[in-house]
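Hi everyone, thanks for making time this morning.

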Amino acid sequence: MSYVRIVILTVLTAPGLSLLLLPVDHVELAGVLIGMASGFLLRGEPSRAAMGTLCGSVLAVLIGAASGGGSEFADRMAGWPGWPAGAVLAYLIAAKGLPPKTTMARGDAVLPAGVAALTAAALGCGQLVAAKAMGVTLWEDYHEWDGPGWYRDLSEAIWYPAVAVVIAAVAASRLRRGRGRFLALPVAAWFGCAVTAGPLQYAQALGVSDKPASVALLAGLAGGGIGAAAAAAGLRHAGTRLGLVTFIPAVTVGTAADAWLGDFAMPLDVVVPVALVAIVAARTARRDNSVESGVIAGTAGPLLIWSVYLTVGPRLYDHTSQSNPYWLAWTGVPLGLFIALAAATLAVVGDRDGSPVEPARPAK
């Protein structure tokens, strides 16, 4: 019974291991260790293993903070990126290694891989330049009362490469020779973003004199890795791909709106993601005639955002522009799970009560 194992992993194992690592001040290792345990516990069910790992981090933050870790527990869990890396490990172990290679010739992947790399490079650099020009990222020295937050800019430094890699890999997969290249395209996109947007991000972060700009470069590499993992999952599951490509523009626009409108944009930060989760989950569940497929698709966006903020932490001693979105991302995962489950269930039950549906397609 896989659901029982998921509950054990999410509710007991992830928070328990995090608390055990707290006294030795290595909570950030929990993500990788839980990912390994999840992979073995859910062999043959890679999607559930990866989701269980990331969902376990949500409860680990809550239980750890309430059980003696205090408000700094979430900061200490930031692992660059421990939990997202654990989710990737969980997927690979549960899938029993990398999937078999396609029968296509190796040279057939050159064109789509090149398109993915160039697109990611352009998107990564374009977003960084636009964010700096619009004041979304500032990369200036921190001022205690009114200044920009270093960690807020660091989270954006992870988000933009992740977005660039996902969009570039999905776009390249639309090419005839790009179909089925769910590993080559994300890796190529990550590389293209790393060699172009990485140095640009480093140059922008030189504006902060009391923080090392190399951390911004590492953030970009980590963000590209998170995006590559998300893109690989999306290229293997159409519903997940839909969830990612609809969530990313909404969040990017919402971030810009927050910078311009302030608190007036807060309702949009909640209403739009909730609506997207419901729509994606219902559509995917109806198409695949599977509640589980709909839940995976619906929570893809919230889990991507949570992975980005989990990497840095709330940093309560920094600017609230980092801590507020962090807790919003934390809330988004359980809320997204609930909404996706409800929407997917209603979609499947409604179809069964109405016209006949196609046979279910297995979720990968």
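Before the helices, a word on angles: axes here are lines fitted to C-alpha atoms, over the stretch in contact for helices, and the angles run from 0 to 180 degrees between N-to-C directions. Please also keep in mind that this is a predicted model.

Let's begin with helix α6, residues 110–134, and helix α7, residues 150–173. Their axes come within 8 Å and cross at roughly 145°, and the crossing is right-handed. On the α6 side the contact involves P112, V115, A116, T119, A120, L123, G124, Q127, L128 and A131. From α7 come Y160, V163, A164, I167, A168 and A172. What is the make-up of this contact in nonpolar, polar and charged residues? There are 13 nonpolar residues, 3 polar and no charged.

Now follow α7 to its other partner on my list, helix α8, residues 184–205. Here the axes come within 9 Å, again crossing at roughly 145°, and the crossing of α7 and α8 is right-handed. A157, P161, A164, V165, A168, A169, A172 and S173 of α7 meet L185, P186, A189, W190, C193 and Q201 of α8. This contact divides into 12 nonpolar residues, 2 polar and no charged.

How many disulfides does the model have? The count comes to 0. A disulfide needs two cysteine sulfurs within 2.5 Å, and the closest cysteine sulfur to that of C193 is in C125, 7.1 Å away, so the two are too far apart for a bond. C193 is buried, with 3% relative accessibility. Another cysteine, C55, is buried as well, at 11%.

Last stop, the aromatics. The whole structure has 4 aromatic pairs. One of them joins W139 and W150 edge-to-face, with 5.5 Å centre to centre and 75° between the planes. W139 sits in the loop between α6 and α7, while W150 belongs to helix α7, so this pair links parts of the chain 11 residues apart. Are these two tryptophans buried or exposed? Both count as buried: W139 has 2% relative accessibility, and W150 has 6%.

Y326 and W327 also pair edge-to-face, at 4.8 Å centre to centre and 90° between the planes. Y326 is buried at 0% relative accessibility, whereas W327 is partly exposed at 31%. These two belong to one aromatic cluster together with W306 and W330.

That's my tour, and I'm happy to take questions!

Notes
Residues are numbered from 1 along each chain as its sequence is written. This is a predicted model: local features need pLDDT of at least 70, side-chain atom pairs count only at pLDDT 80 or more; totals for chains, interfaces and linings use all residues. Side-chain values use heavy atoms; hydrogens and water are left out. Helices (H or I, at least four residues) and strands (E, at least two) are DSSP runs, numbered from the N terminus. A crossing is left-handed if the near helix is turned anticlockwise from the far one by less than a right angle, and right-handed if clockwise. Contact means heavy atoms within 4.5 Å. Ala, Val, Leu, Ile, Met, Phe, Trp, Tyr, Cys and Pro count as nonpolar, Asp, Glu, Lys and Arg as charged, and the others, Gly among them, as polar. Buried means under 20% relative accessible area, exposed over 50%, partly exposed in between (1.4 Å probe, protein chains only). Rings of Phe, Tyr and Trp (its six-membered ring) pair if their centres lie within 6.5 Å; planes under 30 degrees apart count as stacked, over 60 as edge-to-face and the rest as tilted.
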